[in-house]
Amino acid sequence: MVVLKILNLEFRYNSVKALENIELTVNEGELVSIIGPNGAGKTTLLKCIARILKPSQGTILLENKLLNKFSPKELARRISYLPQIEEPKYPLTVLEMVLIGRTPYTSFKPTKEDLEKVYTILKQLGIEHLTHRKVNELSGGEYRKIMLARALAQQPKILLLDEPVNHLDLKHQLEVLSLLRKLALEKHITIIMAIHDLNLALRFSDKVIALRKGKIVFCGKPLELSIKIIEEVYGIKAKMILLDDGTPIIIPYT
Ligand code: ATP
């Protein structure tokens, strides 16, 4: 089932055209990686889908309905967005911070069910030991996981993640991406993430989108992404090897 359809999308920051002629269809439960060099338009695309930015042209359909027809609450129950950088502004506890994700469902006071949901997510991410810590006293990686927990607590249909494994060590990168994979597979959550690590993108995604200078230059399955496209997108030389299980590994060189 198609959950998101984007037609002829364009976005401008005043005179800078950041996205041009973006056409994209995303199915329910798909894990989509957006790759591309710095400034390619990855964050801008995620922000247009999250309705943080208003496109200068084009159409975004969510569940076959125009994105701008959803009320803020309706949208918050469908889409959650993890920004690339977000510094802790207030000395909330981890529990308080993650409970913010429940706002689209609660009135004033969180219910027992809200608390249970939050505890489950903290456990899934292996951070229940941080529950009562202050968010401004955590490491970068710990804080990143808290922000991801808040996005998950929103119980979205579509999870938009801007570099979700940034700041995480290798083990935690794999753990978080495996969890996202599982959520897509078992809970049919659609995940669209901007990610710089090509090897993680290829390993965990159903679909890869390569952006260059605001345009989609590739959209397809990980194994369809050729070295030629990678070299063209990043302006580098690269080699691809296949692991025994068929996972492609990209090795860049100059
Ligand atoms: P990165 O990998 O570095 O995070 P990105 O692919 O996410 O990059 P965007 O942040 O979407 O790229 O930026 C796309 C283009 O829009 C770039 O040319 C950038 O300089 C420009 N841009 C981004 N934000 C603004 C802004 N607030 N005002 C003006 N131009 C902007």
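**Entry 1: Thr247**

I looked up Thr247 and found it buried, with a relative accessible area of 12%; buried means under 20% relative accessible area, exposed means over 50%, and partly exposed lies in between (1.4 Å probe, protein chains only). I noted its place in the loop between β11 (237-242) and β12 (248-253). Helices (H or I, at least four residues) and strands (E, at least two) are DSSP runs, numbered from the N terminus. The side chains of Thr247 and Asp245 are joined by a polar contact of 2.6 Å. A polar contact is a pair of N or O atoms within 3.5 Å; within protein, one must be able to donate a hydrogen and the other to accept it, and residues adjacent in sequence count only if both atoms are side-chain atoms. I then set aside the neighbours within four places in sequence and found Thr247 in contact with Arg203, Ile241 and Leu242, where contact means heavy atoms within 4.5 Å.

**Entry 2: Basis of the values**

I record that this is a predicted model, in which local features need pLDDT of at least 70 and side-chain atom pairs count only at pLDDT 80 or more, while totals for chains, interfaces and linings use all residues. Residues are numbered from 1 along each chain as its sequence is written, and side-chain values use heavy atoms, with hydrogens and water left out.

**Entry 3: Glu30**

Is Glu30 buried or exposed? I found that Glu30 counts as buried, at 13% relative accessibility. I located Glu30 in the loop between β2 (16-27) and β3 (31-35). The side chain of Glu30 makes a polar contact of 3.4 Å with the side chain of Lys207. Not counting residues up to four places away in sequence, I listed what Glu30 touches: Thr25, Ile189, Thr190, Ile191, Asp206 and Lys207.

**Entry 4: The ligand**

Which residues are around the ligand? I listed Tyr13, Ala18, Pro37, Asn38, Gly39, Ala40, Gly41, Lys42, Thr43, Thr44, Gln84 and His196; a residue is near a molecule if one of its heavy atoms lies within 4 Å of it. I sorted this shell into four nonpolar, seven polar and one charged.

I next looked up distances to oxygen atoms of the ligand. For Asn38, a polar side-chain atom lies 2.9 Å from a ligand oxygen atom. For Ala40, a backbone N or O atom lies 3.1 Å from a ligand oxygen atom. For Thr43, a polar side-chain atom lies 2.8 Å from a ligand oxygen atom. Of the 640 Å² of accessible area that the ligand has on its own, the protein covers 60%; accessible areas come from the Shrake-Rupley method with a 1.4 Å probe.

**Entry 5: Helix α1**

I noted that helix α1 (residues 42-49) gives the largest share of the shell around the ligand, three residues. Why is α1 largely enclosed by the rest of the structure? Six of its eight residues are buried, so α1 is largely enclosed. I identified the buried residues as Lys42, Thr44, Leu45, Leu46, Cys48 and Ile49. Just after α1, I found Arg51 with a positive phi of about 65°.

**Entry 6: Salt bridges**

How many salt bridges does a search of the whole structure find? I recorded 13, a salt bridge being a side-chain nitrogen of Lys or Arg within 4 Å of a carboxyl oxygen of Asp or Glu.

I looked up Arg12 and Glu10, whose side chains meet in a salt bridge (3.2 Å, N to O). Arg12 is partly exposed, with a relative accessible area of 37%, whereas Glu10 counts as buried at 11%. I also noted that Glu10, Arg12, Lys17 and Glu20 are linked in a network of salt bridges.

In the next pair, the side chains of Lys65 and Glu74 meet in a salt bridge (4.0 Å, N to O). Lys65 counts as partly exposed at 32% relative accessibility, and Glu74 is partly exposed with a relative accessible area of 31%.

I then turned to Arg150, which forms a salt bridge with Glu86, the closest N and O atoms being 3.2 Å apart. Arg150 lies in helix α5 (residues 140-153) and Glu86 in the loop between β6 (79-82) and α3 (94-99), so this pair ties together parts that are 64 residues apart in sequence. Arg150 counts as buried at 18% relative accessibility, and Glu86 counts as partly exposed at 22%.

**Entry 7: Pro91**

I found Pro91 in the loop between β6 and α3. Pro91 and Arg133 are 42 residues apart in sequence and 9.4 Å apart in space, C-alpha to C-alpha. Leaving aside neighbours within four places in sequence, I noted that Pro91 is in contact with Lys134 and Asn136.

Methods: Nonpolar A, V, L, I, M, F, W, Y, C, P; charged D, E, K, R; others polar.
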